[in-house]
Amino acid sequence: MGEGISHPSFRDTRRPPDHDFRRATTHRLADWPVLALIAARHTKARRLDRRTVAALYARAIDADRRAMESRGRACAEAALAAYPSR
């Protein structure tokens with residue numbers, strides 16, 4: 001990862017982006033409303049690791065994708081790029 005990513009927040013080294021999948025971290029569902037909706041169908045967890053985030057975004061339905069704001073869409077794209085579904 002890293003090469004070829006065009007999202008501006010990945011190029012800003014002063015502050016890690018909200019959706020940085022290059023390092024181990026957990027993601028709070030309260031920060032990602034559409035991800036929280038997707039997760040509610042599959043888990044009761046309130047915090048998710050980066051692989052789980054990617055797996056849940058891979059299960060998103062069309063209504064979820066339409067409901068995503070640009071920040072959520074960028075997070076989903078970063079997660080799926082870091083951990084493509086098989």
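## Starting from a loop and working inward

Arg46 sits in the loop between helix 2 and strand 2. Helices (H or I, at least four residues) and strands (E, at least two) are DSSP runs here, numbered from the N terminus. The model is a predicted one, in which local features need pLDDT of at least 70 and side-chain atom pairs count only at pLDDT 80 or more, while totals for chains, interfaces and linings use all residues. Residues are numbered from 1 along each chain as its sequence is written, and side-chain values use heavy atoms, with hydrogens and water left out.

Arg46 is exposed, with a relative accessible area of 72%; exposed means over 50%, buried under 20%, and partly exposed in between, using a 1.4 Å probe and protein chains only. Leaving aside neighbours within four places in sequence, Arg46 is in contact with His27, Arg28 and Leu29, where contact means heavy atoms within 4.5 Å. Thr26 is 20 residues from Arg46 in sequence, and their C-alpha atoms are 9.8 Å apart in space. His42 belongs to the loop between helix 2 and strand 2 as well, and is partly exposed at a relative accessible area of 39%. Not counting residues up to four places away in sequence, His42 touches Leu56 and Arg59. His42 and Leu56 are 14 residues apart in sequence, with 8.1 Å between their C-alpha atoms.

Now for the wider view. The protein has five helices and two strands, and along the sequence these follow the pattern α-β-α-β-α-α-α. Of its 86 residues, 33% are buried. Among contacts between residues at least 6 apart in sequence, 41% join residues at least 24 apart.

How far can you trust the coordinates? The average pLDDT (the predictor's confidence in each residue, from 0 to 100) is 80, and 76% of the residues score at least 70. Where pLDDT is low, the predicted coordinates should not be read in detail.

Helix 3 can be read in a similar way. Val53, Ala54, Leu56 and Tyr57 are buried in helix 3. Their arc around the axis is only 165°, which puts them on the same side of helix 3. These buried residues of helix 3 pack against strand 1 (26-28), helix 2, strand 2 and helix 5.

That brings us to helix 5 (residues 70-82), whose 13 residues reach 18 Å from first C-alpha to last, close to the 18 Å expected at 1.5 Å a residue. The expected span is 1.5 Å times one less than the number of residues. Gly72, Ala74, Cys75, Ala76, Ala78 and Ala79 are buried in helix 5. One of these, Gly72, has a relative accessible area of 13%. Leaving aside neighbours within four places in sequence, Gly72 is in contact with Trp32 and Tyr57. Pro33 is 39 residues away from Gly72 along the chain, yet their C-alpha atoms are separated by 8.3 Å.

Which residues touch the most other members of the largest nonpolar core? They are Phe21, Leu35, Ile38, Leu48, Val53 and Tyr57, in a core of 19 residues. A nonpolar core is a set of buried Ala, Val, Leu, Ile, Met, Phe, Trp, Tyr and Cys residues joined through side-chain atoms within 4.5 Å. Helix 2, helix 3 and helix 5 are the elements that give two or more residues to this core. Phe21 shows the contacts in detail: beyond four places in sequence, it is in contact with His27, Arg50, Val53, Cys75, Ala78, Ala79, Ala82 and Tyr83. In soluble globular proteins, nonpolar side chains tend to be buried together.

Terms used
Arc of directions from axis to C-beta.
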